[in-house]
Amino acid sequence: MTPTDPRAQAAPLLDDAQTDRLAEILRSPFEVLPQIPSTNDELVERAQRAARRGQPLPDLSLLAAEHQSAGRGRLDRQWVTGPGDALTFSLLLRPAHGSGPTAVPLPTQSFPWLTVLLAAAIAQTLRAQGIEASLKWPNDVLVETGSGFRKICGVLASLVVHDGSAPALVLGAGLNVAVAPEGAASVRGEGSEASRGDLLVEIAERFTALYRLFAESPESLTGPGELRAAVEQLLSTLGRRVRAELPGGQAALEGVAVGLDERGALVIDHDGGRIAVSAADVVHLRPIEEGDRA
C-alpha cells in the first residue's frame, strides 16, 4: 500500500464524542489499538492473563482495532481487510443474573444466544441506515442485493475458561464498511456514509440493551417472548431450505429451517423428523420452484 492510498488516511475509529458515549454505554474498559492480528485472540489472551492474576476482566470489556491484519471467521477461514476498510472489535461477556456479589452466572448452554444477539444488534444498526440486513444462523449478517444475499459481517465466539472463575465469552465482529472482499457487501456499497465510530457506538448501544434484557430474563429468549420474536424476525434462515454441514465428518443435513430451540440451536425439518443443530456451517439453498418438480 502506498502513502497516497486514501485508505491509509482513514479517520481514527473514534472521535472524542464517540469515545465518551461508548464509555457511558459499556461502563467497562475499552481500547482501540492501531493494528493487531486478531482482536478476538488478543482479548482472549488478555482475559486469561487477568484471570491468572486473580483480577478478571469486567463484563463488556471491549477491544477494537484501526486495522486487523489476520482476522479469521468460522472454521478458521481467513478474513483480512485493508486499513480503515472495516469495523473490527471484540467484547468480553460475563453474563449473569443480578449484579454484585449475589450475581448468578448464566450457564454456558445459554452462550450461543449471545452470538445471535450481537449479530441481531448489527443487523438492527444496518437497518437503521437503510440497509436491508438479516441474519444467517448462527453468526453471519447478510444484505439482499440484486444478485442475491451477500455477507456484510461475521461474528466469531471464543470461550474463556480459567480455574476459579466462571467461564466467559469473547465475541468478535468484522463489519465491511468502506470496501468488501469479492462476493461480499459493504456499508458504503449499500449507500450509507456512516462512520466506523458511529456504527460501533450504535451497535454497542443496541447490543447492551439486548444483552442486559437477556441476562435479567433468560426466558425472554429460551421461551416465547418479545425478545425472541425480535431476533427471529431478523433470521432469513427460518422458513428456508438449508443444508447444514456438520463438523467431524458427519453427513450433511438438508431440510427446512423451522425455528430455534431453547438453547438457540437451529431446528431443521429433515426426513419427517426435527433435528436441532447446535454447530454447523449452514447454506441457504435455492427455493423449490415449479420447474424443479417435473
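Mentor: Gladly, and let's start with a term: pLDDT is the predictor's confidence in each residue, from 0 to 100. This is a predicted model, where local features need pLDDT of at least 70, side-chain atom pairs count only at pLDDT 80 or more, and totals for chains, interfaces and linings use all residues. Residues are numbered from 1 along each chain as its sequence is written, and side-chain values use heavy atoms, with hydrogens and water left out.

Trainee: What is the mean pLDDT of the protein?
Mentor: Of its residues, 90% reach 70 or more. The mean pLDDT is 89.

Trainee: How many contacts does the model have for residues 288–294, beyond four places in sequence?
Mentor: A contact means heavy atoms within 4.5 Å. Over residues 1–8, where pLDDT is below 50, the model has 10 contacts beyond near neighbours in sequence. Residues 288–294 also stay under 50 in pLDDT, and their number of such contacts is four.

Trainee: Which strand gives the most to the lining of the largest cavity?
Mentor: A cavity is a set of points, on a 1 Å grid over the protein atoms alone, where a 1.4 Å probe fits but cannot get out, and lining residues have an atom within 4 Å of a point. Helices (H or I, at least four residues) and strands (E, at least two) are DSSP runs, numbered from the N terminus. Helix H2 (39–52), strand E10 (148–162) and strand E11 (165–176) each supply at least two lining residues. With four residues, the top contributor is E11.

Trainee: What is the volume of that largest cavity?
Mentor: The structure holds two cavities of 30 Å³ or more. A volume is the space filled by probe spheres set on the grid points, which are joined across faces, edges and corners. For the largest cavity this comes to about 40 Å³.

Trainee: Is leucine 60 buried or exposed?
Mentor: Leucine 60 sits in the loop between H2 and strand E2 (61–68), and its phi is near 70°, a positive value in a residue other than glycine. Buried means under 20% relative accessible area, exposed over 50%, and partly exposed in between (1.4 Å probe, protein chains only). At a relative accessible area of 3%, leucine 60 is buried.

Trainee: Which proline is joined to tryptophan 137 by a cis peptide bond?
Mentor: Most peptide bonds are trans. Here omega is about 5°.

Notes. 1 Å grid on protein atoms, 1.4 Å probe; cavity = no way out; pocket = protein on both sides within 12 Å on 5 of 7 lines; lining within 4 Å.
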